[in-house]
Each structure stands twice: as structure tokens, then as C-alpha cells.
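Work through the exercises below with the sequence and coordinates open. Each task is followed by a solution in steps.

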Amino acid sequence: MFFSDSAAANSLSSILARELNEEMENQTVEMPENLAQLKREIEADWRIVDGVTPGSPSTALTRMYKKEVSQNGSKVMIEFHCQDTEELDAEDGIDEQQLEELSGQSVNFAVTVSRAGKSMIMDCATEESEIVVGGVRVEETDSVDATSSLLNQTSDKTAYQGPVFRELAEDLQDSFVSYVQEECGVTTDVAAFISMYADYKEQVQYTNWLKAVHSLVK
């Protein structure tokens, strides 16, 4: 435990306590009922795991495993980190009125499809309840857990990372989006859940961070 009587430590501790109290008063760590309801619905088709493994400390990471395999026997996993976000703006093809209605951020996520010793990883992002695909690569493994794009567990950076996606034929780009939505099961509800759950988890992680830092300086 750290002990300090300095004015700087006392000031920092006081401000941290203020911020923590505000978070607790605003109940930011409580899951909103609309998100809780959506989560229950999503869990009918997906197994949601917070962290690398259940109970692991890496709770900023979320994995979603599709319960049913695809028609060709492929397994599907979604993976996202609550801080892997980008701000939406008018350049994304969204007008000002729409921006006011949206959460203001896009959440990056990866969809991994694994079968017969290979995995296809599609780098995607949410735009509220819609999705976009930004890249596709193939790796020599059929384990969805071994292809973590966020943990870089086995990804070989010297290997071919796939083509520049926006330079592909437009109908090919559209087909990948349809594949993610229809074959992989990343519906508008799943995309909305990823956006909402990432925002909720970031608030929880921020509160935990405040508690941890405050315990070290108080």
C-alpha cells in the first residue's frame, strides 16, 4: 500500500473520489434495462464471454460464440474491445441530424469463421445498428480462439494480410457484408448490441480504473 501526506497526493485523491462518486450517483455501472433485454435476446443464439476466458482479468475484451455452426460446418466468433472505437462524423456519409441520433462512435470488431484447418477473419465496424467490412484475411488455423485479432496470439504479420478492401469490386464488397449479416448471423440487433455493450463496458472499466487509482494515492 502507498502512503503519502503531500498536497499533490491529497488533491489527486480528492478529485478522484469526486469523479468516482459522480459515476456511482449516475449509476453508470448499472446495465440499462434496454441493453439487458437485448443481451438476453442475443444469448439465444450467441454465448457471450467477457475476457479471454471466463473470470479472466481482461474484461475489456468480449467474445461472442455462435451456438449453431453454419451449414458448411464453420464456427463463428465475434470479438471486440470496449475501447476500440472511432468517432462518427459527416464524412462517414451520416448527416448532422443522424449524428445527433447516433451514439457518436463506431465500434471495431472482428468476425472469425473457422473450418477445415483455416480461419477467415473479417475486420468490421458498427455504425449504430449497421455494419461495414474493412478487411478480410485468412490464417492457417481452425480454432476461433487461436485467431484473436485483438490479442495477436498467432497472427503472422509477415503473411499476406488480404487485399485493400475498398479497392475490391463493389459487388464483392457488398457480398462480404451480406455474408457477415446472413451467414455469420451479425444482424442489426447484434450490431446494436456490440455498440451498446462496448459503451456500457467502457463506463464500467472507467469506474474500476477510478477505484484502482484512488486506492493507490489516497
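**Exercise 1.** Locate T207 in the secondary structure and decide whether T207 is buried or exposed.

Solution. The model is a predicted one. Step 1: T207 lies in helix 5. Step 2: the relative accessibility of T207 is 0%. Buried means under 20% relative accessible area, so T207 counts as buried. Step 3: with neighbours within four places in sequence set aside, T207 is in contact with L20, E23, M24, T28 and V29.

**Exercise 2.** Describe how helix 1 and helix 5 pack, and classify their relative direction.

Solution. Step 1: helix 1 covers residues 7–25 and helix 5 covers residues 188–217. Their axes come within 9 Å and cross at roughly 150°. Step 2: angles over 145 degrees count as roughly antiparallel, so helix 1 is roughly antiparallel to helix 5. Step 3: the crossing of helix 1 past helix 5 is left-handed. Step 4: on the side of helix 1, the contact is made by A9, L12, S13, L16, A17, E19, L20, E23 and M24. Helix 5 contributes Q203, Y206, T207, L210, K211, V213, H214 and V217. Step 5: sorted by class, the residues of this contact are 10 nonpolar, four polar and three charged. T207 from Exercise 1 is one of the contributors from helix 5.

**Exercise 3.** Repeat the analysis for helix 2 and helix 5.

Solution. Step 1: helix 2 spans residues 33–42, and its axis is 10 Å from that of helix 5, at an angle of about 130°. Step 2: an angle over 145 degrees would be needed for roughly antiparallel, and 65 to 115 for roughly perpendicular. The angle of about 130° therefore makes helix 2 oblique to helix 5. Step 3: helix 2 and helix 5 cross in a left-handed sense. Step 4: N34, L35, L38, K39 and I42 of helix 2 meet D189, V190, A192, F193, M196, Y197 and Y200 of helix 5. Step 5: the classes in the contact of helix 2 with helix 5 are nine nonpolar, one polar and two charged residues.

**Exercise 4.** In which strand is M120 found, and which residues does M120 touch?

Solution. Step 1: M120 is found in strand 5, residues 118–127. Step 2: apart from residues up to four places away in sequence, M120 touches V111, T112, V113, V136, R137, V138, F176 and Y179.

Definitions and conventions. Residues are numbered from 1 along each chain as its sequence is written. This is a predicted model: local features need pLDDT of at least 70, side-chain atom pairs count only at pLDDT 80 or more; totals for chains, interfaces and linings use all residues. Side-chain values use heavy atoms; hydrogens and water are left out. Axes are lines fitted to C-alpha atoms, for helices over the stretch in contact, and angles run from 0 to 180 degrees between N-to-C directions. Helices (H or I, at least four residues) and strands (E, at least two) are DSSP runs, numbered from the N terminus. Angles under 35 degrees count as roughly parallel, over 145 as roughly antiparallel, 65 to 115 as roughly perpendicular and the rest as oblique. A crossing is left-handed if the near helix is turned anticlockwise from the far one by less than a right angle, and right-handed if clockwise. Contact means heavy atoms within 4.5 Å. Ala, Val, Leu, Ile, Met, Phe, Trp, Tyr, Cys and Pro count as nonpolar, Asp, Glu, Lys and Arg as charged, and the others, Gly among them, as polar. Buried means under 20% relative accessible area, exposed over 50%, partly exposed in between (1.4 Å probe, protein chains only).
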